[in-house]
Amino acid sequence: MEAYVSRIMLGTICGLVYGALSAASMIPLSFTDKTAALTGAFLNRFAIGFVIGAARLPLPPWAQGLVFGILLSLPDAIITKAYAPILILGAIGGLVIGVIVGKWGA
């Protein structure tokens, strides 16, 4: 028997974990305003999880995650001009969260 959690709660939990991992991975890097950079990275990745949990597009869950992961990562990629790492990690994270929410979200 599988346990299910509400989609929005699962998306929120996934977003918190994804945001924390993303911000933690940036700690060794140097920035002019490190607090702003870490906060921005956390909030962007949290938003990906939250939106995937809250939205219901007529797409398979993995595709919905991929779309939101890329779409919500685009502003940061454009601002920083670090397209590849931001978009690739956004796409992977969104895809993984989409699969998780699709499988265990009610």
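F42 and F46 lie four residues apart in helix α2 (residues 34-54), so about one helical turn separates them. Helices here are DSSP runs of H or I with at least four residues, strands are runs of E with at least two, and both are numbered from the N terminus. The model is a predicted one, in which local features need pLDDT of at least 70 and side-chain atom pairs count only at pLDDT 80 or more, while totals for chains, interfaces and linings use all residues. Residues are numbered from 1 along each chain as its sequence is written, and side-chain values use heavy atoms, with hydrogens and water left out.

A search of the whole structure finds two aromatic pairs. F42 and F46 form a stacked pair, with 6.2 Å from centre to centre and 10 degrees between the planes. Rings of Phe, Tyr and Trp (its six-membered ring) pair if their centres lie within 6.5 Å; planes under 30 degrees apart count as stacked, over 60 as edge-to-face and the rest as tilted. F42, F46 and F50 make up one aromatic cluster.

F42 counts as partly exposed because its relative accessibility is 25%, and F46 counts as partly exposed at 22%. On this scale, buried means under 20% relative accessible area, exposed means over 50%, and partly exposed lies in between (1.4 Å probe, protein chains only). Not counting residues up to four places away in sequence, F42 touches L16, G19, A20 and A23, where contact means heavy atoms within 4.5 Å. The C-alpha atoms of F42 and T12, which are 30 residues apart along the chain, are separated by 12 Å.

**The helices**

The secondary structure of the chain comes to four helices and zero strands, in the order α-α-α-α along the sequence.

| Helix | Residues in helix | First to last C-alpha | Expected span |
|---|---|---|---|
| α1 | 20 residues | 28 Å | 28 Å |
| α2 | 21 residues | 30 Å | 30 Å |

In α1, the buried residues are R7, L10, G11, T12, C14, G15, Y18, G19, S22, A23 and M26. These buried residues pack against α2, α3 and α4. S22, in helix α1, is buried with a relative accessible area of 15%. Leaving out residues up to four places away in sequence, S22 touches A41 and R45. The C-alpha atoms of S22 and T32, 10 residues apart along the chain, are separated by 18 Å.

The buried residues of α2 are A37, A41, N44, R45, I48, G49, I52 and G53. They pack against α1, α3 and α4.

The buried residues in α3 are A63, Q64, G65, F68, G69, S73 and A77. What covers them includes α1 (7-26), α2 and α4 (83-104). K81 follows α3 and has a positive phi, near 65 degrees.

**The nonpolar core**

The largest nonpolar core has nine residues: L10, C14, Y18, I48, I52, A55, F68, I97 and V101. Helices α1, α2 and α4 each supply at least two residues of this core, and the largest share, three residues, comes from α1. A nonpolar core is a set of buried Ala, Val, Leu, Ile, Met, Phe, Trp, Tyr and Cys residues joined through side-chain atoms within 4.5 Å. Apart from neighbours within four places in sequence, F68 is in contact with I48, V51, I52, A55 and L57.

**The chain as a whole**

Of the 106 residues of the chain, 34% count as buried. Among contacts between residues at least 6 apart in sequence, 66% join residues at least 24 apart. The C-alpha atoms fill a box of roughly 50 × 20 × 15 Å, taken along the principal axes.

Key. Expected span 1.5 Å × (residues − 1).
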